[in-house]
Amino acid sequence: MRTLRWAQRALIVLVATLPLLLVTLAFVPALLILPFRRERAAHAQAMVRQLSAWTRALLLSSRER
């Protein structure tokens, strides 16, 4: 039973990680260009904060309760 629960959590994390990776790859061009423009640097920082929040939420939700 424990193995089944572990496998379910691993599968959920794998499935949730795929969209996160896709979004991160989509952000890469913007994160390479925006920080070099003064008026858009704050926007780039907000994007990085959002990616960090999504990653943190994914990792915390996968923890055993």
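A residue is called buried when its relative accessible area is under 20%, exposed when it is over 50%, and partly exposed in between (1.4 Å probe, protein chains only). This is a predicted model, in which local features need pLDDT of at least 70 and side-chain atom pairs count only at pLDDT 80 or more, while totals for chains, interfaces and linings use all residues. Residues are numbered from 1 along each chain as its sequence is written, and side-chain values use heavy atoms, leaving out hydrogens and water.

View 1. Helices (H or I, at least four residues) and strands (E, at least two) are DSSP runs, numbered from the N terminus. Of the 65 residues in the chain, 11% are buried. The C-alpha atoms fill a box of roughly 55 × 20 × 10 Å along the principal axes.

**View 2. Here is the largest nonpolar core.** Its 5 residues are Phe 27, Leu 34, Ala 44, Met 47 and Leu 51. Helix H2 (residues 41-61) gives the most to this core, with 3 residues. Such a core is a set of buried Ala, Val, Leu, Ile, Met, Phe, Trp, Tyr and Cys residues joined through side-chain atoms within 4.5 Å.

**View 3. Now meet Met 47 and its contacts.** Apart from neighbours within four places in sequence, Met 47 touches Phe 27, Ala 30, Leu 31 and Leu 34; contact means heavy atoms within 4.5 Å.

**View 4. Let us end with Ile 33, a residue of helix H1 (residues 2-33).** Ile 33 counts as exposed because its relative accessibility is 54%.
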